[in-house]
Amino acid sequence: QVQLVESGGGLVQAGGSLRLSCVASGSIFSIDVMGWYRQAPGKQRELVAAMTSGGRINYAESVKGRFTISRDNAKNTVYLQMNSLRPEDTAVYYCNADITTVWRLTYDYWGQGTQVTVSS
């Protein structure tokens with residue numbers, strides 16, 4: 001079994017910062033892409049940022065220059081540093097990872113989500 005567990009969400013004022021963490025655990029052989037998605041009420045889930053095991057990064061245009069994704073491959077952990085937060089960043093943030101299990105099967109895994117609320 002594989003689990004993704006997120007932490008670090010919360011309530012912050014506009015202009016503030018939050019750092020999200022996501023740890024993958026279980027029967028993991030390797031992890032390729034790890035990333036963050038978000039879903040605001042009434043909207044579709046969208047990519048925020050993603051990072052390959054080799055360090056290639058992709059950001060949504062709306063967060064470029066404000067958010068930074070990073071990884072600790074040895075700890076199977078991905079982080080999202082969010083600065084200059086805006087009310088429109090309010091959403092449930094989900095961790096996502098492409099994981100190959102010890103049985104050499106590759107699946108797309110999701111965390112349970114963590115709420116980020118930015119007040120104006």
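Visitor: What do the side chains of Arg66 and Asp89 meet in?
Guide: A salt bridge, at 2.8 Å from N to O. Keep in mind that this is a predicted model.

Visitor: Where do the two residues sit along the chain?
Guide: Arg66 is in the loop between strand 6 (57-59) and strand 7 (67-72). Asp89 is in the loop between strand 8 (77-82) and strand 9 (91-101). So the pair ties together parts that are 23 residues apart in sequence.

Visitor: Are Arg66 and Asp89 buried or exposed?
Guide: Arg66 is buried, and Asp89 is too.

Visitor: Which residues are in the network with them?
Guide: Salt bridges with shared partners join Arg38, Glu46, Arg66 and Asp89 into one network.

Visitor: What's the distance between Arg38 and Glu46?
Guide: Their side chains form a salt bridge at 2.7 Å, N to O. Arg38 has 6% relative accessibility, so it counts as buried. Glu46 is partly exposed, with a relative accessible area of 36%.

Visitor: How many salt bridges does the structure hold?
Guide: Four. One of them links the side chains of Glu61 and Lys64, at 2.7 Å from N to O.

Visitor: Glu61: buried or exposed?
Guide: Exposed, with a relative accessible area of 61%. Lys64 is partly exposed, at 44%.

Visitor: Switching to Glu6. Which side chain of opposite charge is nearest to Glu6?
Guide: Arg45, and it is 7.8 Å away. Glu6 is buried yet has no salt bridge.

Visitor: Then which backbone nitrogen does the Glu6 side chain reach at 2.7 Å?
Guide: That of Gly113. The Glu6 side chain also reaches the backbone nitrogen of Gln112, at 3.0 Å.

Visitor: Where is Glu6 placed, and what is it in contact with?
Guide: Glu6 is in strand 1, residues 2-7. Leaving aside neighbours within four places in sequence, its contacts include Ser21, Cys22, Trp36, Tyr94, Cys95 and Thr114.

Visitor: Two cysteines there. What do Cys22 and Cys95 form?
Guide: A disulfide, with the sulfur atoms 2.1 Å apart. The disulfide count comes to one.

Visitor: What's the handedness of the link?
Guide: Left-handed, with -80° about the S-S bond. The pair links distant parts of the chain. Cys22 is in strand 3 (residues 18-26) and Cys95 in strand 9, 73 residues apart.

Visitor: Are both cysteines buried or exposed?
Guide: Cys22 and Cys95 are both buried.

Visitor: On to the sheet pairing. How many bridges join strand 1 to strand 3?
Guide: Six, and the two strands run antiparallel. Gln3 stands opposite Ser25 in strand 3.

Visitor: And how many between strand 3 and strand 8?
Guide: Six bridges, with these strands antiparallel too. Cys22 stands opposite Val78 in strand 8.

Visitor: How do strand 7 and strand 8 pair?
Guide: In the antiparallel sense, over six bridges. Asp72 stands opposite Thr77 in strand 8.

Visitor: Which residue in that hairpin takes a positive phi?
Guide: Asn76, near 50°. The hairpin of strand 7 and strand 8 has four residues between the strands.

Visitor: Which residues make up the covered face of strand 7?
Guide: Phe67, Ile69 and Arg71. The uncovered face has Thr68, Ser70 and Asp72.

Visitor: Last one, Thr90. Where is Thr90 placed?
Guide: In the loop between strand 8 and strand 9. A polar atom of the Thr90 side chain lies 2.9 Å from the backbone oxygen of Pro87.

Visitor: And which backbone nitrogen lies 2.9 Å from a polar atom of the Thr90 side chain?
Guide: The one of Val118. Beyond neighbours within four places in sequence, Thr90 is in contact with Ala40, Gln115, Val116, Thr117 and Val118.

Conventions
Residues numbered from 1 in each chain as written. Predicted model: local features only at pLDDT ≥ 70, side-chain atom pairs only at ≥ 80, totals over all residues. Heavy atoms only, no water. Buried < 20%, exposed > 50% of the residue type's maximum accessible area, 1.4 Å probe, protein only. Lys, Arg positive; Asp, Glu negative; His and termini not counted. Polar contact = N/O pair within 3.5 Å; in protein donor to acceptor, adjacent residues only side chain to side chain. Contact = heavy atoms within 4.5 Å. Disulfide = S-S within 2.5 Å. Pairing = 2+ DSSP bridges.
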